[in-house]
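Hello,

My notes on what turned up follow below.

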Amino acid sequence: ILDLTPSTLDSAAGGTVELVGTLTNTGDANLYLNGDVSILPYPDLTVDDSPFFNTSPLFLSPGDAYTGPFIDVTVDGATPSGSYGGSYTIQGGLDSETFDDIAAADFTVDVGSAVPEPNAALLIASGLATLAGGLWRRRKIGA
């Protein structure tokens, strides 16, 4: 059983989200974790499955579970706002040579619009311009 928690993640354009969850061996034999398949058919979203392979065990004994990261999804900075659905499948089996689909889960990445942070120099310049304009107007009124 593969349970991604949560199965919907929010990201701004240009961000990265990590799907985490739990994979449980409900069978009565060791279950080797040999591969995975990610389906996310959007060119602006890329998947990195190294978090799973860097942290998961080689196999799960009967009743054991792995809890941790599975994939990272990086959203390109030009990605339009919207919901992007995908699926993630763990492959493996009774030995290290088997690549059967053993568990799968759907996920969604909700992309919001990125709000760029204003340039600090621009903020300072506009503040100084406002202050100078106010002082100039005050001086003109007082003269």
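Tyr42 counts as partly exposed, at 28% relative accessibility. Tyr84, at 12%, counts as buried. The cut-offs are under 20% relative accessible area for buried, over 50% for exposed and partly exposed in between, with a 1.4 Å probe and protein chains only.

This is a predicted model: local features need pLDDT of at least 70, side-chain atom pairs count only at pLDDT 80 or more, and totals for chains, interfaces and linings use all residues. Residues are numbered from 1 along each chain as its sequence is written, and side-chain values use heavy atoms, with hydrogens and water left out.

Aromatic pairs

Rings of Phe, Tyr and Trp (its six-membered ring) pair if their centres lie within 6.5 Å; planes under 30 degrees apart are stacked, over 60 edge-to-face, the rest tilted. By this rule there are seven aromatic pairs. Tyr42 and Tyr84 make one that is edge-to-face, at 4.9 Å centre to centre and 85° between the planes. This pair links distant parts of the chain: Tyr42 sits in the loop between β4 and β5, Tyr84 in strand β8, 42 residues apart. Phe52 and Phe53 have ring centres 5.1 Å apart and planes at 70°, so this pair is edge-to-face. Phe52 is buried, with a relative accessible area of 0%. Phe53 counts as partly exposed at 37%. Ring pairs join Phe52, Phe53, Tyr66, Phe70 and Tyr88 into a cluster.

Layout

The protein chain has two helices and nine strands. Both are DSSP runs numbered from the N terminus: helices are H or I with at least four residues, strands E with at least two. From the N terminus, the order is β-β-β-β-β-α-β-β-β-β-α. Of the 143 residues, 32% count as buried. Contact means heavy atoms within 4.5 Å. Among contacts with a separation of 6 or more, 72% come from residues 24 or more positions apart.

Strands and core

Strands pair if DSSP finds at least two bridges between them. β3 and β7 run antiparallel and are joined by nine bridges. Val20 has Pro69 in β7 as its bridge partner. Thr16 stands opposite Thr74 in β7, and Thr46 also stands opposite Thr74. β5 (residues 45-48) pairs with β7 in the antiparallel sense over four bridges. β1 and β3 are antiparallel too, over three bridges.

Eight of the 11 residues of β7 are buried, so this strand is largely enclosed by the rest of the structure. In β3, Val17, Leu19, Gly21 and Leu23 form the covered face, while Thr16, Glu18, Val20, Thr22 and Thr24 form the uncovered one.

A nonpolar core is a set of buried Ala, Val, Leu, Ile, Met, Phe, Trp, Tyr and Cys residues joined through side-chain atoms within 4.5 Å. The largest has 25 residues; Leu2, Phe70, Val73 and Phe107 touch the most other members. Elements giving two or more residues to this core are β1 (2-4), β3 (16-24), β7 (65-75), β8 (82-93) and β9 (100-112).

Two local details

A cis peptide bond joins Thr5 and Pro6, with omega about -10°. Pro6 lies in the loop between β1 and β2 (8-12).

Asn34 lies in strand β4 (residues 31-39). A polar atom of the Asn34 side chain lies 2.9 Å from the backbone oxygen of Asp95.

Best wishes

Terms used:
A polar contact is a pair of N or O atoms within 3.5 Å; within protein, one must be able to donate a hydrogen and the other to accept it, and residues adjacent in sequence count only if both atoms are side-chain atoms.
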